[in-house]
Structure formats: C-alpha cells, structure tokens
Amino acid sequence: MIKSIHLTNFLSFQDCKIELHPQENILIGINGSGKSNLLKAINLLRRTISPELKNFIYEWGGFDAIYFCGNQNEQTQDLISIEYELDKDIISDRFFSFKESIFYKIIINRSFGASNFSIREKIYEHSNTPNIPDSIYLD
C-alpha cells in the first residue's frame, strides 16, 4: 500500500507531498487542480514493474510533456522526481522483513539525444537522502 507520494516537477506538481489514508482516499478539486495528475503518478508506479516504463513516458509525450512548467524562474533542475512511501507491513513477507517504510524513487533526467530523458530508480528503507548514484539505470 502507498502511504505517501512526493512529486517534484511532475506535471502540475512543482514540489508536493501527499499523505494517503490507509483505507480510502477521495480526490476532490476544481478542474486543473491535479487530481488526474496524481492518478498518473500512481499509474506510473504500476508501470515500473514492467519494462514498459520508458515507452509509457513516451506515450505521454516524453520529458518535456510531463515536466512541471509553472514559474520558470524557480526551476533549478532538469529532473522529475516521484517518491513513493510504501507500507512495510504490506511489503514484508516470509523472505523479507523491514523495520521501516520502504521508499521507491524514480528520477527522470532531461538528456540530449534521441530519447531526451533517462530514468534512475532507487529503493531504500529510510527517508534520508538516498544515494542515487548506485541506482538502477534504465535505457
């Protein structure tokens, strides 16, 4: 189960952490407030467990189509970050036992060339700054 989602430069979210209720959640808001974009972030998590993640981002139009395009003066990085906090009790099974929540982070970097982006992923147990360089790279 997803406990929270932290979105950075993803569609309409510049920097937003959303805490989710363990049983049910209701999305309410005016048009353009980000309800569908939050559902896209959840759908993106589902797509990460298959090799179609990069193709899925292409279907959305690539990096430029999903990069937050609000106040350009505040933009400091050409990256999109989506961090999911997952409930340790739901993920733990007979082979793995976790003491704390598990974090899964996707970082999509703008790059130059044919694909215009690269993807890095990181799974870690603490919410402290993850060591991204030893992440898994997808091409």
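**Exercise 1. Which residues does N37 touch, not counting residues up to four places away in sequence, and is N37 buried or exposed?**

Solution. This is a predicted model, so open it and work through these steps.

- Start with the location: N37 sits in helix α1, which spans residues 35-48.
- Next, list the contacts. Leaving out residues up to four places away in sequence, N37 touches F10, L11, S12 and F13.
- Finally, check the accessibility. N37 has a relative accessibility of 16%, and the cut-off for buried is under 20%, so N37 counts as buried.

**Exercise 2. How do β1 and β2 run, and how many bridges join them?**

Solution. Now follow the two strands.

- Find strand β1 at residues 2-10 and β2 at residues 13-19.
- Look at their pairing: the strands run antiparallel, with six bridges joining them.
- Then go to the turn. The two strands make a hairpin with two residues between them, and L11 in this turn has a positive phi of about 50 degrees.

**Exercise 3. Which residues line the largest pocket, and what classes does the lining have?**

- The volume of the largest pocket is about 160 Å³.
- Its lining consists of M1, I2, I18, E19, L20, H21, N25, I26, L27, L38 and I42. Both β2 and α1 supply at least two of the lining residues each.
- Sort the lining by class and you get eight nonpolar, two polar and one charged residues.

Note on methods:
Residues numbered from 1 in each chain as written. Predicted model: local features only at pLDDT ≥ 70, side-chain atom pairs only at ≥ 80, totals over all residues. Heavy atoms only, no water. 1 Å grid on protein atoms, 1.4 Å probe; cavity = no way out; pocket = protein on both sides within 12 Å on 5 of 7 lines; lining within 4 Å. Points joined across faces, edges and corners; volume = space filled by probe spheres on them. Helix = DSSP H or I, 4+ residues; strand = E, 2+ residues; numbered from the N terminus. Nonpolar A, V, L, I, M, F, W, Y, C, P; charged D, E, K, R; others polar. Pairing = 2+ DSSP bridges. Buried < 20%, exposed > 50% of the residue type's maximum accessible area, 1.4 Å probe, protein only. Contact = heavy atoms within 4.5 Å.
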